[in-house]
Each structure stands twice: as structure tokens, then as C-alpha cells.
Amino acid sequence: MSEINEPLSSEQRQAVWRKTKGHCAFCGVELPVNKFTVTLLVSHAHGGKNEPENLLPSCRSCHGVKRNRTLEEFRRWRQWEDVCRDQRFSLAQMDWLLANTNIAETNPRKPYVFFFEEVRP
């Protein structure tokens, strides 16, 4: 899981929350200032640090799904989530299908854009 090792102060949490104007950085759902999860953009498993630029506010759902995935892995998951869930495919299986079949051509998808990529401070 993309967990923060050290607790953040109230001021640090509010600074993270303000980055997306009180919305989940990934899905855009509105977040109460006192009830949100701080998620690492780049997880510790991928060399991420507990630096302010690597911290984003998220809802519990997005935090749980992102886990240690890279941003691009999480983007692919969101883009193909319906197929993965319906067919009980892992992301690795979906990646194999994308690389070795014409599923992307027969099931075209719009590029998936996260909320934090659209919103400007």
C-alpha cells in the first residue's frame, strides 16, 4: 500500500488537501477537509519519498486501488477496469491482452485523465 511512514501535521494535511481544491486527486470526488487519505503519487516501492510534491489527497477507494501501482499502471487499470472486473483479470493479464490481441481496437477507450491532471492550482 502507498502509505505515509510518518504522521503529517494538521497544516501539512491541509496543504495536501488544497492541492486539488478539496477533491480526490484521481477521481475528483469532493473530500471533507478532515476526512481524506494522503496517497503517494510515486509509492515507496518505486522510490517515492514523503515529500510534499509526492503527496496527493485521495478518497479511500482510489487509495485502495492505486496501492503500489505506478501512475500509468493505475491509469490503465481505470481505463480497463470494467473488463478486468467483469472477466476477473489482473492488470498483468490485461497488459498481456493489450500487447497480444486487438482488444484495444475492438474496444476503443478514451484516454483516462486523472482529476489532478486537469485542475490547476
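Rings of Phe, Tyr and Trp (its six-membered ring) count as a pair if their centres lie within 6.5 Å; planes under 30 degrees apart are stacked, over 60 edge-to-face, and the rest tilted. The structure holds six such aromatic pairs. The rings of Phe26 and Phe114 have centres 5.5 Å apart and planes at 85°, so this pair is edge-to-face. The two residues belong to distant parts of the chain, 88 residues apart. Phe26 sits in the loop between α1 and β1 (37–40), and Phe114 in the loop between α5 (103–106) and α6 (115–118).

The model is a predicted one: local features need pLDDT of at least 70, side-chain atom pairs count only at pLDDT 80 or more, and totals for chains, interfaces and linings use all residues. Residues are numbered from 1 along each chain as its sequence is written, and side-chain values use heavy atoms, with hydrogens and water left out.

Accessibility is classed by relative accessible area: buried is under 20%, exposed over 50%, and partly exposed in between (1.4 Å probe, protein chains only). Both Phe26 and Phe114 are buried. A further pair involves Phe26 and Phe116. Their ring centres lie 6.1 Å apart with planes at 85°, so this pair is also edge-to-face. Phe26 lies in the loop between α1 and β1 and Phe116 in helix α6, so the contact ties together parts that are 90 residues apart in sequence. Phe26 has a relative accessible area of 2% and is therefore buried. Ring pairs join Phe26, Phe74, Tyr112, Phe114 and Phe116 into a cluster.

Overall, the protein chain has six helices and two strands. Both element types are DSSP runs numbered from the N terminus: helices are H or I with at least four residues, strands E with at least two. Along the sequence, the order is α-β-β-α-α-α-α-α. The C-alpha trace spans about 50 × 25 × 20 Å along its principal axes. Of the 121 residues in the protein chain, 36% are buried.

Two arginines lie over tryptophan rings. The criterion is NZ of Lys or CZ of Arg within 6 Å of the ring centre and within 35 degrees of the ring normal. Arg69 lies over the face of Trp77, at 4.8 Å from the ring centre. Arg109 lies over the face of Trp80, at 4.3 Å from the ring centre.

The loop between α1 and β1 also holds Thr20. Thr20 is buried, with a relative accessible area of 1%. A polar atom of the Thr20 side chain lies 2.4 Å from the backbone oxygen of His23. For polar contacts, the cut-off is a pair of N or O atoms within 3.5 Å; within protein, one must be able to donate a hydrogen and the other to accept it, and residues adjacent in sequence count only if both atoms are side-chain atoms. Lys21 is found in the loop between α1 and β1. Lys21 is not a glycine, yet has a positive phi of about 55°.

Arg67 likewise has a positive phi, about 45°, although it is not a glycine. Arg67 lies in the loop between α2 (60–66) and α3 (71–87). With a relative accessible area of 42%, Arg67 is partly exposed.

The loop between β1 and β2 (55–58) contains Lys49. Lys49 is exposed, at 53% relative accessible area. The C-alpha atoms of Lys49 and Cys27 are separated by 23 Å, at 22 residues apart along the chain. Ser43 is placed in the loop between β1 and β2. Ser43 counts as buried, at 1% relative accessibility. C-alpha to C-alpha, Ser43 and Phe74 are 12 Å apart in space and 31 residues apart in sequence.

Pockets were located on a 1 Å grid over the protein atoms alone: a pocket is an open set of points where a 1.4 Å probe fits, with protein on both sides within 12 Å along at least five of seven lines, and lining residues have an atom within 4 Å of a point. The largest pocket contains about 150 Å³ of space. Its volume is the space filled by probe spheres set on the points, which are joined across faces, edges and corners. The lining of the largest pocket comprises 12 residues, with Leu8, Gln12, Asn50, Pro52 and Leu55 nearest its centre. Helix α1 (residues 10–18) supplies the largest share of this lining, three residues. By class, the lining has seven nonpolar, two polar and three charged residues. Here Ala, Val, Leu, Ile, Met, Phe, Trp, Tyr, Cys and Pro are nonpolar, Asp, Glu, Lys and Arg are charged, and the others, Gly among them, are polar.
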